[in-house]
Amino acid sequence: MQKNLLMCLLASVVVFSFGTMAYAGGGCTTTDCHAGLEEIVPTDLPMSQQLKMNGQMHGDPDGCVMCHGGNPMATKKEEAHKGVPATLRMAPGPKDYYPDPGSIWISDNTCGICHVGYTYRAKTSLMNTEAGKISGNMHTWGFEETQNFQNPWGNYAVTDQDGQTPMIGTEAYKSYMKDQISMYPNQYPKKLDLMPNPTVEEVKKDPKKAAFAYQRQDCNRCHIGVRGREKRGDYRGMGCSACHILYSNDGYYEGKDKSINPDEKGHMLKHQIIGNRKTGGIPVETCSSCHNRGKRIGVSFQGLMEFPYGSPFNEDGGKQPKLHTKKYMFVSDDLHHQQQSRKGNPEGGLLCQDCHTSIDMHGDGNIHGTTMGQVEIECTDCHGTPQSYPWELPVGYGDEFGKKAQTKARGTAEKLLIVGQQFGYPYDAEDGFVLSARGNPMGNVIRRGNKVIVHSATGNDFEVPDLKGLSISNKWKDPTAEVAMSAVSGHLEKMECYTCHASWAPQCYGCHVKIDYSSDKNGKQKGGTDWIASGNSHDSQGQTAESKLGSKGIFTSGKPMETRSYLRWEDPVLGIGGEGRVTPLMPGCQVVYTVVDDTGAVIANNMIADAPDEAKYRGQEHVPLAIDMSPVQPHTAQRKARTCESCHGNAKVAGLGIGDGTFGNMQNKDIVFDLMDAKTREIIPEKYTVQIQAIPKLDFDWSQIVTREGKQLATVGSHWPLSRAFNKEEIETFMRTGTCMGCHQNMSEKELWKKVSEDGQLDMKKHSELMNKMLKTMAEKNPVKK
């Protein structure tokens, strides 16, 4: 629904005029109830002044009722936290008492009064529907409904009510999205149905339907429609509050409101909204409270990767505490997260919000079926290329998805989007706001001459290293950078920047899932909190079935348990991503499932689904397995990129598997370790136990996705038709091994070798210099013929 974007300005007039009399006294903080409560925003901000002014007209000089509703004239908590009295009711405004005004289920009456359209956008966004996560996981379980890049389900039944023209954005953005949706209609569905919740009897008939119990209990607990799990690192608010109200890992309140128990877990850190330079930016850790599962980009950005050990021991001799119910090792945090020490830049890293736009976070009003469908930014938006500054690039550069590239330079913007569409700290445009890859102005990124300046919500300002400037000044710190990004033109034309600059990626190989519908020793059926059912059960105060502290939410049967085969972080596999560019890959949902029914019988054991749609789009007879190696932006960039050798000639990186397919090729057989006849390979004892159970379909390693002949063995993403493994020709180009022997095959001819070598061993630098000298000598001996 397209709303009047001037409502933000009119709301204060409507509310002000609605109160016909001023009330003396009253208010939430003037009583003993909430004395000492922090100001929600700094008092010098217009938002604070407007809240207090309008609150005064409704009996609350602190303005609390403008967000929380309730009755400020009441003298008892029970009365204060009831519905808004008719004499104080506002339109637009709160209709009831709202413990969390940010709850997406009532935010049209609170945050949405000024931030018009944001509630609708958020409800249709991936932060709420998780449509891409659902379709991706269900594809690995073998559901036909998700094949051919379809997105049938969401956490909630959602319909795009205003058509598929984005609610917000420039004309360039809307034109880009029109073409994108026309080309990929399945990735931008017009509606989503509520994710099914099969009964035990339905699961017994079709065991793969146990996937919904897994999805509802484990995978989809992190969305803004619910408050989430009460575990260390998982505490957060709902809706707008999920990001804009801070919660520490341990969930303790550290403010001065005496009504909140500071020793009870599960409370906000302080009663303060954050989000920009004036209020304070949103810490990376807030984002990581959700982005620690799946592609794990939040914790990876901070340098963390989960591992099972919990070492080293702490000062009490114990293992590290669990965070997000996991233990972590530190690998290396992203360059943009690290403290900056370059001349002219302040210390301190960037926040997620410094790069990601409002559309990335809140959506644009359309239903997006995948992350890449909604995210509008590319690395080159700030860094440009060696040939072009960001404003010289066309709209859609790096975001092609197989479309023909535009040629017209995107330029910059003098102004931001119109009132109500773009909020934030009011930075001076200077020489223009820099545009995203899809044509929207980024409100905190400006052009200053030929420099790009990023204004961080931390209060720091960063000068971005621009590649064209480096190329013109020839100030490359490493000669390999110029070769990789400029001389080898195919790199920037065919690859994502992070293909080389992402130094690592978390690789959790093999997702072994068991869903158990049997009963425990007390006769109670196993199961857990159904976050989808709980989110769909919300009351007039915006509270869901699980949002009150200590509540368990709505129960659903089938207890998920998951484990893995092995972990890696180095040298992620490469392939082709949905945008048609070479990209890092990581194990997505490599699901092998086991299902136990309500009688305790195993009705599915180590099952892997097929992906016939993948065979269709690859044009091959062999049907790949549905275990997914997913394209990813790992968020682990380093200034020094991966070396040429770390990719070229590396079988694992090419998708051929660790050890070039040598390992893991007996996973489809039961493995027995017992007394064995070495000649016949027969087990000697009549009674023995299988040590490693077979996974019937898996006769290759989890890290392998393709053969040398180009036969794809597993899926590479399930959201975009262009995503795939390298084909035979690409593998042959990529795996140009044996080049050392081009010279060293002559070492056996001692007289010849003596003429071109020196005694001793060359170090890498001297070896490189010698090769360079040889190349130039050949050029002199063989001048170019005219």
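**Helix contact and sheet**

Reply: In the contact of helices α8 and α11, K133, I134, N137 and M138 in α8 meet A211, F212, Y214, Q215 and C219 in α11. Contact means heavy atoms within 4.5 Å. Helices are DSSP runs (H or I, at least four residues) and strands are E runs of at least two, numbered from the N terminus. This is a predicted model: local features need pLDDT of at least 70, and side-chain atom pairs count only at pLDDT 80 or more, while totals for chains, interfaces and linings use all residues. Residues are numbered from 1 along each chain as its sequence is written, and side-chain values use heavy atoms, with hydrogens and water left out.

Me: At what angle do the axes of α8 and α11 cross?

Reply: Axes are lines fitted to C-alpha atoms over the stretch in contact, and angles run from 0 to 180 degrees between N-to-C directions. The axes of α8 (residues 131–140) and α11 (residues 211–219) come within 11 Å. They cross at roughly 140°.

Me: Which strands stand at the edges of the sheet?

Reply: The open sheet has five strands in the order β6-β7-β8-β9-β10, with antiparallel pairing. Strands pair if DSSP finds at least two bridges between them. One side of each edge strand has no neighbour in the sheet, because each has a single partner strand: these are β6 (412–413) and β10 (461–464).

Me: Which residue in β8 does L435 stand opposite?

Reply: Strand β7 (residues 433–435) and strand β8 (residues 441–448) run antiparallel, joined by two bridges. Opposite L435 stands P441.
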